[in-house]
Amino acid sequence: MSELFEIVGVKPELAEQQVQKKANRWYDTIPWLSVIILILIVGGCLFCNRIMTKDPSYMDLKNYTIAPCKEFLFGTDTMGRDIFSMIWYGGRQSLFIGIAATVISTGIAIVFGTVSGMAPDWLDMLLMRATEILLSIPNLLTVIFLQAILGKANVFSLSFVIGITSWMSIAKIIRTEVRQLRNNEYVIAARCMGGGFFYILYKHLAPNFLSSIMFMVVMNIRSAIVEESTLSFIGIGLPLEVISWGSMLSLSEKALLTGAWWIILIPGVFLVVTLLCITSIGDCIRKKLNKQESNL
């Protein structure tokens with residue numbers, strides 16, 4: 001009998017898809033554990049003055065290399081500094097470098113990528129070849145070279161050097177987006193009405209390509225923190241008196257010789273957990289962007 005009749009109305013497949021769409025709300029895909037942990041770490045770094053038990057820069061030579069205890073929650077390093085206080089104060093420096101370097105690199109990438117995308121073909125090709133040449137050079141070597149020119153490292157110099165050496169990948173994506181947007185009617189109309197470069201960028205181009213680069217912007221924060229930690233670890237980054245997670249890890253050789261595992265483990269755990277949280281959030285952004293593109 002079922003062969004003699006045809007079911008009309010909503011197809012079962014479409015009904016299942018509608019149920020899935022209702023079930024999969026926007027907040028279901030957010031990595032809440034990573035978001036909560038990152039908020040706690042960032043909040044602790046921002047308000048470190050309220051939770052620090054001791055002066056992070058004070059060298060208590062009577063209590064050097066003490067294991068975690070009631071007085072020193074995370075122990076002390078080889079110079080007698082309280083690691084618990086250093087973690088929160090140093091995290092502020094590392095996060096500042098990551099965010100400041102990302103702001104610099106994103107600003108350069110937006111301007112450079114937009115200029116290349118709006119330029120004639122010959123100039124666009126020239127700018128892109130220059131970008132590819134810069135991409136072929138190992139980023140860490142460029143950072144070391146520029147920092148050696150600037151002299152003794154500090155928070156601002158490291159942010160500047162890392163920022164001006166990590167904009168190329170974002171610029172290539174922006175250039176591709178701008179090449180697709182520049183022939184739209186509203187862009188042409190704005191140019192015909194005398195709109196300047198930055199007006200068109202701010203009003204018409206940036207709102208359309210910012211979502212495409214959000215994943216790379218978030219990952220640039222992670223990369224900047226890693227570069228600062230790497231430079232400090234090998235001894236050419238921030239000096240020991242400037243506390244950051246990287247400068248804390250630079251004491252690893254002395255810690256291994258004395259068996260003070262907490263000097264390496266605790267800053268390393270905070271650094272790795274922060275990077276994993278940022279990576280998880282960036283991966284969530286990437287998946288959402290890919291899903292939006294597939295729906296279009």
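Student: Leaving aside its neighbours within four places in sequence, what is W88 in contact with?
Tutor: In this predicted model, W88 touches L40, I41, G44, C45, C48, I51 and F270. Contact here means heavy atoms within 4.5 Å.

Student: OK. Is W88 buried or exposed?
Tutor: W88 is buried, with a relative accessible area of 12%. The cut-offs are under 20% for buried, over 50% for exposed and partly exposed in between, using a 1.4 Å probe and protein chains only.

Student: Which aromatic pair do W88 and F270 form?
Tutor: An edge-to-face one: W88 and F270 sit 5.4 Å centre to centre, with 85 degrees between the planes. W88 is in helix α4 and F270 in helix α13, 182 residues apart, so the pair links distant parts of the chain. F270 is buried too, at 15% relative accessible area.

Student: What counts as a pair?
Tutor: Rings of Phe, Tyr and Trp (its six-membered ring) pair if their centres lie within 6.5 Å; planes under 30 degrees apart are stacked, over 60 edge-to-face, and the rest tilted.

Student: How many aromatic pairs turn up in the whole structure?
Tutor: Eight. One of them is F74 with F84, edge-to-face at 5.1 Å centre to centre and 65 degrees between the planes. F74 lies in the loop between α3 (48–51) and α4, and F84 in helix α4, so this pair ties together parts that are ten residues apart in sequence. Ring pairs link F74, F84, W88, W245 and F270 into a cluster.

Student: Switching topic: which residues have the most contacts inside the largest nonpolar core?
Tutor: I83, I87, W88, W245, M248 and I263, in a core of 28 residues. Such a core is a set of buried Ala, Val, Leu, Ile, Met, Phe, Trp, Tyr and Cys residues joined through side-chain atoms within 4.5 Å.

Student: And which element gives the most to this core?
Tutor: α13, with eight residues. A second, separate core of 20 residues includes W167, M168, L205 and A206.

Student: How many helices and strands overall?
Tutor: 13 helices and zero strands. Helices (H or I, at least four residues) and strands (E, at least two) are DSSP runs, numbered from the N terminus.

Terms used
Residues are numbered from 1 along each chain as its sequence is written. This is a predicted model: local features need pLDDT of at least 70, side-chain atom pairs count only at pLDDT 80 or more; totals for chains, interfaces and linings use all residues. Side-chain values use heavy atoms; hydrogens and water are left out.
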